[in-house]
Amino acid sequence: MQSQEIVIELSNVSTSFGQHIVHERVSLEVKRAEIFALIGGSGSGKSTLLREMMLLHHPNAGKIKVLGYDFETITQAQEQALKQRWGVMFQHGGLFGSLTIHENVGLPLREHTDLPDALIDELATWKLSMVGLESGVFGLYPSELSGGMLKRASLARALALDPELLFLDEPTAGLDPISAGEIDVLILKLRDMFGLTILMVTHDLDTLWQVSDRVAVLANTKVEDLGSMLELSKSKVVSVRQFFDGARGRSAYAQEQKINHKEPMASQLDDKLLVDKLPVDKLKV
Ligand SMILES: Nc1ncnc2c1ncn2[C@@H]1O[C@H](COP(=O)(O)OP(=O)(O)OP(=O)(O)O)[C@@H](O)[C@H]1O
């Protein structure tokens, strides 16, 4: 399903706010139909990097290319056209409180196309159904929705213009585990059905294990490690270990093990409680 085509390319991106250096020579590539996650501690610069990929903030140095456009040389007209080729799901939904969710989803179509109203209404209905919302809630306002429904409605709006690329900011934050799991399934389905490339920022370890193909770990102004969750779980890099060694990391890993894999993560190899249960050759890693 994934191709080798590079959809997002960052090379040597550096960002500072005054004296505060946030990124130094950050480079990464996201391939078409890949689900790529950015993780890192609070203040490590995930949101700033996401904003830079969406043309909402310009780095001090380095190159950013998205869907073939170099942000250094992009014209205003190209920028407008490019912004319609990606969808964004903001952490807090970003829906207009004075519009119903059906009107919210139709809004990008009204703003950016000259389709007739009846067709826009039909498309909005279709997008809301696609994310699993029932017609009974289409007329509700964002404040009347549960957290999970709000995320779905926000996702439907992000999909309104049939984007090739989705930016998701903390897609499961604030949801109970069941609703979060349903959003994970939806993200995977969207990628599999439409070949969407997905770039997300998340702290949710379950989502990372279930959904991401590759993950970049931002720490100390750099991408300190990059790989699949299984690869990162064996990393010796301190910032990565801190991420995995917390209780939540272990619990998410154990859950993922049950589902997919059988290999132990690096920290477990040192865990005396597990020593007796592991094969001797693994203990030498
Ligand atoms: N507009 C700004 N002006 C000044 N400093 C900023 C600005 N935006 C971000 N920063 C600083 O840059 C650093 C990185 O912020 P950013 O929001 O990107 O981190 P983050 O990894 O997304 O954090 P969190 O997980 O807490 O959301 C922080 O120290 C923040 O205070």
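This is a predicted model: local features need pLDDT of at least 70, side-chain atom pairs count only at pLDDT 80 or more; totals for chains, interfaces and linings use all residues.

## Stop 1: the ligand shell

Select the residues around the ligand: Phe17, Val22, Gly40, Ser42, Gly43, Ser44, Gly45, Lys46, Ser47 and Thr48. Colour them by class, and the shell shows two nonpolar, seven polar and one charged residues. Which helix gives the largest share of this shell? Helix α1, residues 46-53, does, with three residues.

## Stop 2: the whole chain

Zoom out. The protein has 285 residues, of which 36% count as buried. Its secondary structure consists of 13 helices and ten strands. Among contacts with a separation of 6 or more, 65% join residues 24 or more positions apart.

## Stop 3: the open sheet

Select β2, β1, β4 and β5. These four strands form an open sheet in the order β2-β1-β4-β5, and the pairing is antiparallel. β2 (20-31) and β5 (69-70) are the edge strands; each has a single partner strand, so one side of each lacks a neighbour in the sheet.

Show Ser16 and look across to β2: the residue opposite is Ile21.

## Stop 4

Select residues 35-40 for β3 and residues 214-219 for β9. The two strands pair in the parallel sense, over five bridges. Pick Leu38 and find its bridge partner in β9, Ala216.

Val217 has Asp225 as its bridge partner in β10. Two residues lie between the strands of this hairpin, where Asn220 takes a positive phi near 50°.

## Stop 5: the nonpolar core

In soluble globular proteins, nonpolar side chains tend to be buried together. The largest nonpolar core here has 61 residues. Select the members with the most contacts inside this core: Leu128, Ala153, Leu166, Ile198, Leu199, Val215 and Val217. Which helix gives the most to the core? Helix α5 (residues 147-158) does, with six residues.

Finish on Val215 and display its contacts, leaving aside neighbours within four places in sequence. They are Ala37, Ile39, Leu208, Gly227, Met229 and Leu232.

How values were computed
Residues are numbered from 1 along each chain as its sequence is written. Two strands pair if DSSP finds at least two bridges between them. A residue is near a molecule or strand if its C-beta atom, placed from the backbone, lies within 6 Å of it. Ala, Val, Leu, Ile, Met, Phe, Trp, Tyr, Cys and Pro count as nonpolar, Asp, Glu, Lys and Arg as charged, and the others, Gly among them, as polar. A nonpolar core is a set of buried Ala, Val, Leu, Ile, Met, Phe, Trp, Tyr and Cys residues joined through C-beta atoms within 7 Å. A residue is buried if 20 or more other C-beta atoms lie within 10 Å of its own, exposed if 12 or fewer, and partly exposed in between; C-beta atoms are placed from the backbone. Two residues are in contact if their C-beta atoms, placed from the backbone, lie within 7 Å.
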